[in-house]
Amino acid sequence: MNMEQETVKNTQLSQEEEPFGTVKIADDVVAMIAALAATEVDGVTSMNGNMANELLSRVGVKGLAKGSKVEIFNKKVKVELAINLEYGFNIPATCQRVQNRVKNSIENMTGLEVTDVNIRISGINMTH
């Protein structure tokens, strides 16, 4: 079968019957989305000792994602985050906001389903 016949064959298929190709999202990318989403929440100062969003250009995205670990299986995502909080913020309420932000960001950007967002508080920053 030559290339022209193959092209004609593929154009006869509707998108519902067969996708045009596959999209693979690396675990690191999902970890970066999680880390960025977490640091957008008030009270979260950093990811496991890494700098927050405004210094991202210096650290690089991979540096930010160090406090974020993801497992993807059958389009379902489990996230583990190690975060530092600012002193004075309510820990349970802040963590719930982080969980919601991370879940929504990953699901909206990737189409994957987030089943767990587990958070470990690795430090409290005392800034005056």
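What is the relative accessible area of Lys-103? In this predicted model, Lys-103 has a relative accessible area of 31% and is partly exposed. The scale behind these words runs from buried (under 20% relative accessible area) through partly exposed to exposed (over 50%), with a 1.4 Å probe and protein chains only.

**View 1. Overview of the protein.** Welcome to the whole chain before we zoom in. The protein has five helices and four strands, which are DSSP runs numbered from the N terminus (helices: H or I, at least four residues; strands: E, at least two). Read from the N terminus on, the elements follow the order α-α-β-α-α-β-β-α-β. Of the 128 residues in the protein, 33% are buried. Residues are numbered from 1 along each chain as its sequence is written, and side-chain values use heavy atoms, with hydrogens and water left out. As the model is predicted, local features need pLDDT of at least 70 and side-chain atom pairs count only at pLDDT 80 or more, while totals for chains, interfaces and linings use all residues.

**View 2. Lys-103 and Glu-107 pair along helix 5.** Here the two side chains meet in a salt bridge, with 2.7 Å from N to O; the cut-off places a side-chain nitrogen of Lys or Arg within 4 Å of a carboxyl oxygen of Asp or Glu. Both residues lie in helix 5, four residues apart, about one turn of the helix. Glu-107 counts as partly exposed because its relative accessibility is 24%.

**View 3. Arg-101 reaches Glu-40.** Helix 5 takes part again. The closest N and O atoms of the salt bridge between Arg-101 and Glu-40 are 2.9 Å apart. This pair links distant parts of the chain, since Arg-101 belongs to helix 5 and Glu-40 to the loop between helix 2 and strand 1 (44-47), 61 residues apart. Arg-101 is partly exposed, with 34% relative accessible area, and Glu-40 is partly exposed as well, at 42%.

**View 4. Glu-113 and Lys-76 join two strands.** In this salt bridge the closest N and O atoms are 2.7 Å apart. The partners sit in distant parts of the chain: Glu-113 in strand 4 (residues 113-125) and Lys-76 in strand 3, 37 residues apart. A relative accessible area of 37% makes Glu-113 partly exposed, and Lys-76, at 38%, is also partly exposed.

View 5. Tyr-87, Ile-91, Ile-121, Ile-124 and Met-126 make a nonpolar surface patch of about 470 Å². Patch members have over 30% relative accessible area and no salt bridge; nonpolar side chains (Val, Leu, Ile, Met, Phe, Trp, Tyr) are joined within 5 Å, and like charges within 9 Å. Areas come from the Shrake-Rupley method with a 1.4 Å probe; for residues, only the protein chains shown count as cover. Tyr-87 lies in the loop between strand 3 (76-86) and helix 5 (91-110). With 55% relative accessible area, Tyr-87 is exposed.

**View 6. Met-32, a buried residue of helix 2.** Our last stop is in helix 2 (residues 27-39), where Met-32 lies. Met-32 counts as buried because its relative accessibility is 17%. Val-70 is 38 residues from Met-32 along the chain, and 9.7 Å separates their C-alpha atoms.
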